[in-house]
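Hi everyone, thanks for coming.

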Amino acid sequence: MERIIFYIISVLMIVFAVMAVTNRNIMRSIIYLLFVLIGIAGIYFMIEFYFLGAVQLTVYAGGIIVLYVNSVMLVEKINTPLPSVVWWRKLLAGSLSIFGIVLTLFAIWSYNFVKIAESQTKDTSINEVGKALLNYGDRGFILPFEVISILLLAAMVGAIVIAKTNKPQENNELK
Amino acid sequence: MISGVSIYEILTVSTIIFFIGVYGFVTRKNLIAMLMSIELILNSAALNFVIINKYLFPEQLGGAIFSIFIIAVAAAETALALAIIINLYRLIMSLKTDDTETMKF
């Protein structure tokens, strides 16, 4: 049963990913990207990383997609289709991608993955993730956690600085 | 661990999504559409981290936590890149990569 669900999710994800990179209407392409992100969250839920699946849904599906939709509505008309791609560029990119897929799949399927540690499986609930994030001992992640918080603060300040650089009189001159 | 699904099949899916993202990055000429292809690439990389953690090192949590960090970095990157793109649009009134040839105004 789980296997069938996994196959359905995978096929849907691949189809929607192809549609997201080939559709000429950018708003539709964003919605197809949203479906791919939800499919990846579904795989996270299936392998029992519930916290990660929830983060994927809230940050990606709830935050980033809304950001994309807002910025597309700010910068251009929604009905304007994207320019079509010339055939040689399509051919070049397609053959490059297929070559990459074949090469990587050959490497993956010819490698023998063995489970190195045969000990007990770790509980992956939110409690364990939180303890690991704030643990400063062995296998703790307190340093990257703090670095990420600094990075998010810097990104917030940076976004405000970038958005404020345009003075109104400059804008009028350009118009 | 999904019962009946081996690590090879999940890695196959993530590989295919990664190269679809590469295809979009090469063919698209709109800045926002290129950024969307980068999201696909980042997502498949994060999926790889989680899958390898779950199937090969189930007694640790490193891959899952690094995946959370990847999501945080991707959110910061997207917010900054979209701010830059909107600011650029105010300056040159276009989103095509061919029109953004000057680096400093």
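At what angle do helix α6 of chain A and α3(B) pack, and how far apart are their axes? Before I answer, a word on what we are looking at. This is a predicted model, where local features need pLDDT of at least 70, side-chain atom pairs count only at pLDDT 80 or more, and totals for chains, interfaces and linings use all residues. Residues are numbered from 1 along each chain as its sequence is written, while chains are lettered from A and ligands numbered from 1 in the order in which they are written.

Now the answer. Helix α6(A), residues 142–164, packs against α3(B) at about 10°, and the axes are 9 Å apart. That makes the two helices, α6(A) and α3(B), roughly parallel; the label applies to angles under 35 degrees. The axes here are lines fitted to C-alpha atoms over the stretch in contact, and angles run from 0 to 180 degrees between N-to-C directions. The helices themselves are DSSP runs (H or I, at least four residues), strands are E runs of at least two, and both are numbered from the N terminus.

Who meets whom? On the α6(A) side we find, among them, Ile148(A), Leu152(A) and Ala159(A), and on the α3(B) side, among them, Phe69(B), Val73(B) and Leu80(B). By class, this contact has 16 nonpolar residues, two polar and no charged. For the classes, Ala, Val, Leu, Ile, Met, Phe, Trp, Tyr, Cys and Pro are nonpolar, Asp, Glu, Lys and Arg are charged, and the others, Gly among them, are polar.

Helix α2(A), residues 26–46, and α2(B) pack at about 5°, with axes 11 Å apart. They are therefore roughly parallel too. Residues making this contact include Leu33(A) and Val36(A) from α2(A), and Met36(B) and Leu40(B) from α2(B). This contact has 14 nonpolar, two polar and one charged residues.

Let's zoom out to the whole interface. In total, 61 residues of chain B are in contact with 78 residues of chain A, where contact means C-beta atoms, placed from the backbone, within 7 Å. On the chain B side, α1 (7–27), α2 (31–56) and α3 (62–92) each give two or more residues, and α3(B) has the largest share, 22 residues. That side of chain B divides into 43 nonpolar, 13 polar and five charged residues.

What about the inside? A nonpolar core is a set of buried Ala, Val, Leu, Ile, Met, Phe, Trp, Tyr and Cys residues joined through C-beta atoms within 7 Å. In the largest one, with 59 residues, Ala17(A), Val36(A), Ile32(B) and Val50(B) touch the most other members. Helices α1, α2 and α3 of both chains give two or more residues to this core, and α2(B) gives the most, 11 residues. Val36(A) touches Leu40(B) as well as Phe16(A), to name two of its partners.

To finish, chain A itself. This chain has seven helices and zero strands, and 21% of its 175 residues are buried. Buried means 20 or more other C-beta atoms within 10 Å of a residue's own, exposed means 12 or fewer, and partly exposed lies in between, with C-beta atoms placed from the backbone. Is Asn79(A) buried or exposed? With 7 C-beta neighbours inside 10 Å, Asn79(A) is exposed, and its place is in the loop between α3 (50–75) and α4 (87–110) of chain A.

Note on methods:
Angles under 35 degrees count as roughly parallel, over 145 as roughly antiparallel, 65 to 115 as roughly perpendicular and the rest as oblique. Lists of a residue's contacts leave out its neighbours within four places in sequence.
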